[in-house]
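The structure is shown first.

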Amino acid sequence: MPIVAQSTETTDWVSRFADEVIEESERRAPGKPVVVASGLSPSGPIHLGNLREVMTPHLVADEVRRRGYTVRHLISWDDYDRYRKVPAGVPGVDDSWAEHIGKPLTSVPAPKGSAYPNWAEHFKAAMIKALAELGVEYEGISQTEQYTSGVYREQVLFAMKHRGDIDAILDQYRTKKAPAKKQQGQKPVDEAELEAAEGSGAAAEDDGSSGSAGYFPYKPYCGRCEKDLTTVTAYDDDTTELSYTCTACGYSETVRLSEFDRGKLVWKVDWPMRWAYEGVIFEPSGVDHSSPGSSFQVGGQIVGIFGGKQPIGPMYAFVGISGMAKMSSSKGGVPTPADALQIMEPQLLRWLYARRRPNQSFKIAFDQEIQRLYDEWDKLAAKVADGAVLPADAAAYARAVGTAAGELPRTPRPMPYRTLASVADITAGAEDQTLRILSELDPENPLTSLDEVRPRLDKAETWINTQVPAEERTVVRDEPDADLLKSLDDQGRESLRLLLEGLDANWSLDGLTHLVYGVPKVQAGFPADATPKELPPEIKVAQRTFFALLYHLLVGRDTGPRLPTLLLAVGQDRVRKLLDA
């Protein structure tokens, strides 16, 4: 059965946008599918910030589907965009790729060793796989296919015919006027400026150029070198004959634009053209596209030229990363959805995007914070099961665990992530030892197969192996620390004796938790089950001292995995060997 979101309260941002989208769709296109859109450029690794471009409309589209409407979520792969620069740190890529700058992404070779035919397909592949795991239902549209097959031909001709109207709108926002009377053949866009603007997003917002023939919102790709470093030198509206010169290789030709499909509209025109062509009702944009004078604002006027309307378009904030280890910042140094899904279940990743409004920034944890996030997630799941949860939190949970099509696959028995990570750390992935330890956590309901805790166990193990530095990994001693044991005073020896005496009767996660916290209480003359309110502050100091002693004797460090989990992992016989004073 589909998971039904439980709230339409004002605190639930998804429901609020769904209300607006349904109302607007019925006003603009009654009886037709509701159209939401995303755009992704496979110019390099598609990172977790880019994922917000997809998850925001996905969550809204899914809520609209839950209400019984037909929805089309379009993802435009901007694979016909120009290759702007060689990204740093991409395996299989060197400086020789610079010779392809200016070509369409689908005309650039894939990194060495790739199984894909070109640069764009190589970087699309990982995102496509991640979206499937996340349960995102969408229609992918290749802009290379759209342009080269002539799908947009009429729109291109229309834009060229109305280039004066487009230029007038763009001119309202230009802070640096483009020279209207450049000499024929002069480079229209300074390549260094374009590349320098890349970091701010401005490079993607080239609004065309003015040569001696005037302004044109269309850039041909050169027929010889395939680059877009071209200047239109003449155009005839009646015959659609277009002449251009390539400033990269000097090639010139005259083509009939009504039969020519090797070029594209510049971004600030291309985007609103698509809004009108597809009938887009909802599409968010990042802060770089939402500032005054940027493509979303300008597009809101240009779309009217094409007979369309600007979509509902919330601005979304940045997504930060908490502590990704260098050894795992793969494919160019930016963590991708695929990287995140190696260490966390899709439900958790969906929840991180669902629980925050688009204009709220948040971080995705690759460091120890992931354990706290999982604790928070598991507590929310328990509250939902008990019916003791706020409506907005219940709605975010429902959107995380499934879609209108049904629940996402989940771990049958979701043990605490920090416990699974500790066990994976101690056992180094040995399945027999992992099963032994996990089966002893709850003797009354023992685990019988590791499949019960997968895929969460696999995610935790990958996190340990890729994100925890080697010097922080847990290595259990092979032999007792004889010097430390000999140096213990009577209180230290007594604490170990009390622990060892209680092992048999308390050999479970809960039992050992009670035992290790209880030993210092008993030594101080209090019952083992005394609550913190019944104890003096000195007991906490004694507990910390006792814990540090156990860590030193077991793993040779001041800290480590939670002691109850560590004791179970080490096993009774080995614990007795290492702690026997």
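Are Arg 399 and Asp 12 buried or exposed? Arg 399 is buried, and Asp 12 is buried as well (buried: under 20% relative accessible area; exposed: over 50%; partly exposed: in between; 1.4 Å probe, protein chains only).

The model is predicted: local features need pLDDT of at least 70, side-chain atom pairs count only at pLDDT 80 or more, and totals for chains, interfaces and linings use all residues. Residues are numbered from 1 along each chain as its sequence is written, and side-chain values use heavy atoms, with hydrogens and water left out.

The whole structure holds 42 salt bridges, each a side-chain nitrogen of Lys or Arg within 4 Å of a carboxyl oxygen of Asp or Glu. Three of these pairs are listed here.

| Pair | Closest N to O |
|---|---|
| Arg 399 and Asp 12 | 2.5 Å |

Helices (H or I, at least four residues) and strands (E, at least two) are DSSP runs, numbered from the N terminus. Glu 133 is partly exposed at 32% relative accessibility, whereas Lys 459 is buried at 10%. Asp 12 and Arg 399 also belong to a salt-bridge network with Asp 19, Glu 63 and Arg 67.

An open sheet of three strands runs in the order β1-β2-β3 with parallel pairing; strands pair if DSSP finds at least two bridges between them. β1 and β2 (residues 71-77) are joined by seven bridges.
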